[in-house]
Amino acid sequence: MSGGLSTGHDGGAAGFVRERLVAPQPPPVATSGVVAWCRENLFSSPLNAALTLLCVLLVIWVVPPLVKFLFVDAVWDGASRVDCLARPDHPEMGACWAFVIDRINFFTYGFYPIDGRWRVNVFFALLAFGVAWLAWLDAPRRDLGVAYFFVVMPIASIILLLGWPAIGLPRVPTTQWGGILVTIVVATVGIVASLPIGIMLALGRRSRLPAIRLFSVIFIEVVRGVPLITVLFMASVMLPLFVPESLSPDKLLRALIGVAMFSSAYMAEVVRAGLQAIPKGQYEAAMALGLRYRQAMRRVVLPQALTVTIPNIVNTTIGLFKDTTLVFVVGIFDLLKTIEAARVDPNWATPVTSTSGYAFAAIFYLIFCYGMSRYARMVEQRLATDRKSR
Amino acid sequence: MARNATAAAEAPTPKTPLFRDPRVRGIAYQVLLCAAIAFLAWAAISNAIENLARAKIASGFGFWDNTAGFDISQMLIDYSTTSTYGRAFWVGLLNTLLVAGLGIVFATVLGFAIGIARLSSNWLVSRMAGFYVETIRNLPLLLQLLFWYNAVLKALPSVRESLALPGGGFLNNRGLFLPQPVLLPGGGWALVALAAGVMAAVALRIWCKRRQMRTGKQMPTFWLTLALVLVPPLAVLALSGFPIGFNFPESGRFNIRGGIEVLPEFMALLFGLVIYTAAFIAEVVRAGVLAVAKGQTEAAYSLGFKPGPTLRLVVIPQAMRVIVPPLTSQYLNLTKNSTLAVAIGYPDLVQIFAGTVLNQTGQAVEVIAITMAVYLVISLVTSGLMNLYNRRVALVER
């Protein structure tokens, strides 16, 4: 700093004029290339260098054993536990994928009758079609897509999965459902029920009618204030008390009611945030045009509010999808429960069976949840550019 | 619309039919809603009375003082099979609060560390923190708990082949056994000295703060505080010849006796909750720090602040305003998620009360209502406390 500066020996304006030239500096070592990148991003200070080394050690400690367990030492085919036990020629045992492959139908369909499994596959296809229609933001006739997703598909799926002897589909009681089927059914019911109910509750919470507002606030805050497990317990032990004995709902339906209540309360808050993001002028403009409350909401406010909340709706859906595992606690055979049941099967019980089963479930949930979170981020970016270009 | 306009023009006081009057309609809607709720409540209650009578289940809270007759594997207060259901409730509540309290502390520490790491200029550090967050957030907590419990802790060696830890502890599939510090006679003075040290440190901090406000002079309070807290108890201990003993766990044939026993269920639940919640807290922290405008940091640098004080005095106080509200909901989520204990058998409130007590008494309505009320109260108290803190850090507007 002070090097070549004269600090004003003859005073006045020339005080900061340099008197002698600074020697030319050597050229910078490198500003691009691998070395420069490493210097800047990994070793910019002693602390950073230490952190980098620590991270490298951590990676070395974690990644090779993981790869070894999941792929190198893994057993891909086998018929029973013997194939997944350590042997002299295979001393370190990795994941027992043979177990997962052997039980994959159980993990997917539970106890669903074998000759009826095509019905489950058709249900998966119907659902995938509906999700794709709604998720593709430029799809044609998305209004029809909404009708399909919230009305046609649920009814068709119920008929398909439960059966309707009159049209030749034998009945399959829900006690025979299981695995991924139940996980997907619980998540779908949660979403299909929670959006309409959540929108109603959110509008109710912003209503100017005190009784409706009070009811909405109490429902939302109580359900959000208690854990999902207690809601599920309530649905599974209290609900049968509250209805006449002849109407007692079956176990899966009870859990579905609990999940629908829970997800509606969370969805209501998400939608409310979206409603609050809409400027007051939009409401006033709709009123000024003479639209009635319902028209104003349906044609003006909700389309805008729901569009800006799509990322949050998807994020809530991710939470809901993970929370579907909790139905396990009230004895429903979801994916986790089928894994829990299969891993203690004496035919497959080995030291690595549990970990293999959990690894399979982890991959399943990771793919779905990560996919949804990428989608939410994509929509968010698109909305951001939309807003900028307007 | 045109019709309305002409109607308004013709009649200065338009006579709307009663059912089109918004006020009348509003009242009608509310009456309808109340009637529907009242009808549902009446139907539910009458059905419940009938069903309970048929199943010969008592109602009311009389069961509270009945003998529970079951064992609980972890308790912070005295409890035995002859204790009452009420006692079992308190045991479960304390176990829930224990795991939630410890979980909140550890998850905060880990979450802040990972959140800051995600913002690091070090490419590898930020990438690894990001990988942690993305993986952990996208896996169900229940799956993680089952993994920790069944695949890690239950796969540890059995009691006879316990892993001996340095310092006299043991680790096996029945849990973690640690030496328990015991105060011998005379050790109480060390506690007194510790309390005195803490009080002196607090007083010093307040005095330094006042002095700084008055004169602008700073003092190295950190080292002074540390010395005040640590030196007196250590000095007292040294003078009285270290009157602290340890109750070491001893390995027997079938079990380990003595020491502090940490259940594998507790460890699995704590690990799972901390690791899961830390990922969410990391995102909260990252968003909070990013919300502080870059100009704030640059302004602090141009005033001559070093990076450390810039972070401590300029960035973090502003980030906390953004962080506190979502952090509160993460704390509440952790507390609510602790109910997953029921899946791995940790005796928390839900497992003891909404599980065992409900099964034994059959009084579903009362038991579930009490359980829900407890979590509602915890939620309200936690958010109340955090709101208090939030008001302290919130922006004071002119």
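**View 1. The hairpin of strands E2 and E3 in chain B.** In this predicted model, in which local features need pLDDT of at least 70, side-chain atom pairs count only at pLDDT 80 or more, and totals for chains, interfaces and linings use all residues, E2(B) and E3(B) form a hairpin with two residues between them. Residues are numbered from 1 along each chain as its sequence is written, while chains are lettered from A and ligands numbered from 1 in the order in which they are written. Strand E2 (residues 169–172) and strand E3 (residues 175–178) of chain B run antiparallel and are joined by three bridges; strands (E, at least two residues) and helices (H or I, at least four) are DSSP runs numbered from the N terminus, and two strands pair if DSSP finds at least two bridges between them.

**View 2. The hairpin of strands E1 and E2 in chain B.** E1(B) and E2(B) form a hairpin with three residues between them, and Gly167(B) in its turn has a positive phi of about 95 degrees. Three bridges join these antiparallel strands, with Leu171(B) in E2(B) as the bridge partner of Leu163(B).

**View 3. The open sheet of chain B.** Four strands with antiparallel pairing make up an open sheet in the order E1-E2-E3-E8. Strand E1 (163–165) and strand E8 (260–262) of chain B each have a single partner strand and stand at the edges, so one side of each is left without a neighbour in the sheet.

**View 4. Helix H2 of chain B.** Helix H2 (residues 22–55) of chain B has 34 residues and reaches 49 Å from its first C-alpha to its last, close to the 50 Å expected at 1.5 Å a residue, the expected span being 1.5 Å times one less than the number of residues. The number of buried residues among the 34 of H2(B) is zero, so this helix lies largely in the open; a residue is buried if 20 or more other C-beta atoms, placed from the backbone, lie within 10 Å of its own. Just after H2(B), Lys56(B) takes a positive phi of about 55 degrees.

**View 5. The contact between chains A and B.** The contact takes 44 residues from chain A and 46 residues from chain B, where two residues are in contact if their C-beta atoms, placed from the backbone, lie within 7 Å. On the side of chain A that touches chain B, the largest share, 10 residues, comes from H14(A).

How values were computed. A residue is buried if 20 or more other C-beta atoms lie within 10 Å of its own, exposed if 12 or fewer, and partly exposed in between; C-beta atoms are placed from the backbone.
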